[in-house]
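Try each task yourself, then follow the solution step by step.

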Amino acid sequence: MTELHDLPAHDLIAAYRQRKLSPVEVTQSVLAHIERWEPHIKATYLLRPEAALAQARASEARWLRGEPKGLLDGVPSTIKENIATEGDPTPLGTAAVELVPAAADAPPAARMREAGAVIVAKTTMPDYGMLSSGLSTFHPLSRNPWDVSKGPGGSSAGGGAAAAAGYGPLHIGTDIGGSLRLPASWCGIFSLKPSLGRIPIDPPYTGRAAGPMTRTVADAALMMQVLSQPDARDSMSLPYQDIAWSQFNKGAERLRGLRIGLLLDAGCGLPVDPEVKAAVERAAQLMEAAGATIVPMVPFMTQAMLDGMDHFWRMRSHIDLQALPAARRDKVLPYIRTWADSAAGMSGAEVFTASHQFHLTRAAAVKACSAFDYVISPVAPNVAFQAELPSPTNDPLRPLEHIGFTVPFNMSEQPAASVNCGYTRAGLPIGLQIAGARFDDLGVLQVAHAFELIREPQRAWPQPPAA
């Protein structure tokens, strides 16, 4: 029998409507499960059980009156720490930030509250979100539920760990180079990085997107109905469209007749692990058997593109850190300081050349994908790595060697999802990336759901270690 904390959001809403379950008992189950898991994975920030139960009681009263507040009324949820929530400090994962209460909910948090979601906790991230790990000078070290010696990925570290561990069905993260999809891949969950501006966010930034982190495509589609509502605070948001997110389920037939590009070499960064490659190739075979045409692709990224983006972000971070008082700057993770300060000697021409790689990446991605309906690839060349390491290379001068498959779709503004496609011999999850044309977010969800229907059986979700 499925435990309450493991039930998907769709099932919870149906049970609330039929008065078979109460948001209070579901929230109690989630909180008890968090209590068992949290000493081992440290996924949460501002975990406040009493506040969560108060929200659940209010939701229960609404359901008993037959007046649910919104699509997510009473569903336990978490929000990444860097998405502001009114009255709470936003430390951005680092001990260097002054803890000032946020004046208002950022757009994704506001939409979740308006929809009646029970905000159980916020989730952890590394210093300034600049790592693909759970290593932080502010938060305890976050770990991966599949193997607590490994990290969950990042920068949406706690969100990935929370979803895999069963901290309720709905979680929100953010992504500027892979920060939704990498933890989704390494934690075996689903995530969608939507088209830039599809989900309003504040503050906006080039390539930055918020998105759902869930165990199923169905729950992500439900979240998209809520999160994609308009908010004028995002100067980069798209004009609102009434997209039929509930039409995510077109069955495995959705794959029939599609022309899908298969990208197995990012053209830069780390080589693809043989087990990752084999899992993605198997996914392609399953899609082909379902009626898709699979066409091998040549790489469109280059090391110069990846290095340029890296160097520009180094300079941006170097300027930000130099603006801090020395005592606060010294609190930043040394790995981040070394990485940022390596840009100190860059000339104006070098900074311009680095910044130009963002546009070159965008143009290359759009051109390469234009011949296909969708593109599939590994999310990352590797699987989850040692929890204590800031990056797979553990080298601040080679920090982004694992984002060659993910970062181009931030720059091209295309939607891209991570869906589990297998496991290593050691039992670590492997993510398949599915990218679509700009604005085709619903199509990506439909293809991802079709793959859910044809993929090989999934392993049981990890359980907390025995006390």
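**Exercise 1.** In this predicted model, work out how the lining of the largest pocket divides into nonpolar, polar and charged residues, and find where that lining comes from.

*Solution.* 
- Step 1: Sort the lining residues of the largest pocket by type, which gives 14 nonpolar, 7 polar and 8 charged.
- Step 2: Look at the space itself, with a volume of about 700 Å³. Of its 29 lining residues, Asn82, Leu92, Tyr128, Arg208 and Arg316 are the closest to the centre.
- Step 3: Trace the lining back to the elements. At least two residues each come from strand S4 (170-175) and helix H9 (303-322), and H9 gives the most, with 5 residues.

**Exercise 2.** Now describe the second largest pocket: what is its volume, and which residues are the closest to its centre?

*Solution.* 
- Step 1: The volume of the second largest pocket is about 350 Å³.
- Step 2: This pocket is lined by 24 residues, and the closest to its centre are Asp6, Pro8, Arg215, Thr216 and Trp461.
- Step 3: By type, the lining holds 10 nonpolar, 8 polar and 6 charged residues. Strand S10 supplies the largest share, 3 residues.

**Exercise 3.** Is Glu413 buried or exposed, and which residues does Glu413 touch?

*Solution.* 
- Step 1: Locate Glu413 in the loop that runs between helix H13 (407-411) and strand S10 (416-423).
- Step 2: Check the accessibility. Glu413 has a relative accessibility of 14%, and the cut-off for buried is under 20%, so Glu413 counts as buried.
- Step 3: List the partners, not counting residues up to four places away in sequence: Glu413 touches Lys193, Ser195, Leu196, Arg362 and Arg438.
- Step 4: Look again at Arg362. Its side chain makes a polar contact with the side chain of Glu413 (2.8 Å).

**Exercise 4.** How many residues does the largest nonpolar core have, and which have the most contacts inside it?

*Solution.* 
- Step 1: The core has 71 residues, and those with the most contacts inside it are Met112, Phe190, Ile260, Met287, Leu432, Ile434 and Leu445.
- Step 2: Helix H7 (residues 217-227) provides the largest share of this core, 9 residues.
- Step 3: Take Ile260 as an example. Leaving aside neighbours within four places in sequence, its contacts include Leu255, Met287, Phe372 and Tyr374.
- Step 4: Finally, find the other core that lies apart from this one: it has 43 residues, among them Ala266, Ala340, Ala384 and Val407.

Note on methods:
Residues numbered from 1 in each chain as written. Predicted model: local features only at pLDDT ≥ 70, side-chain atom pairs only at ≥ 80, totals over all residues. Heavy atoms only, no water. Core = buried A, V, L, I, M, F, W, Y, C linked by side-chain atoms within 4.5 Å. Buried < 20%, exposed > 50% of the residue type's maximum accessible area, 1.4 Å probe, protein only. Helix = DSSP H or I, 4+ residues; strand = E, 2+ residues; numbered from the N terminus. Contact = heavy atoms within 4.5 Å. Polar contact = N/O pair within 3.5 Å; in protein donor to acceptor, adjacent residues only side chain to side chain. 1 Å grid on protein atoms, 1.4 Å probe; cavity = no way out; pocket = protein on both sides within 12 Å on 5 of 7 lines; lining within 4 Å. Points joined across faces, edges and corners; volume = space filled by probe spheres on them. Nonpolar A, V, L, I, M, F, W, Y, C, P; charged D, E, K, R; others polar.
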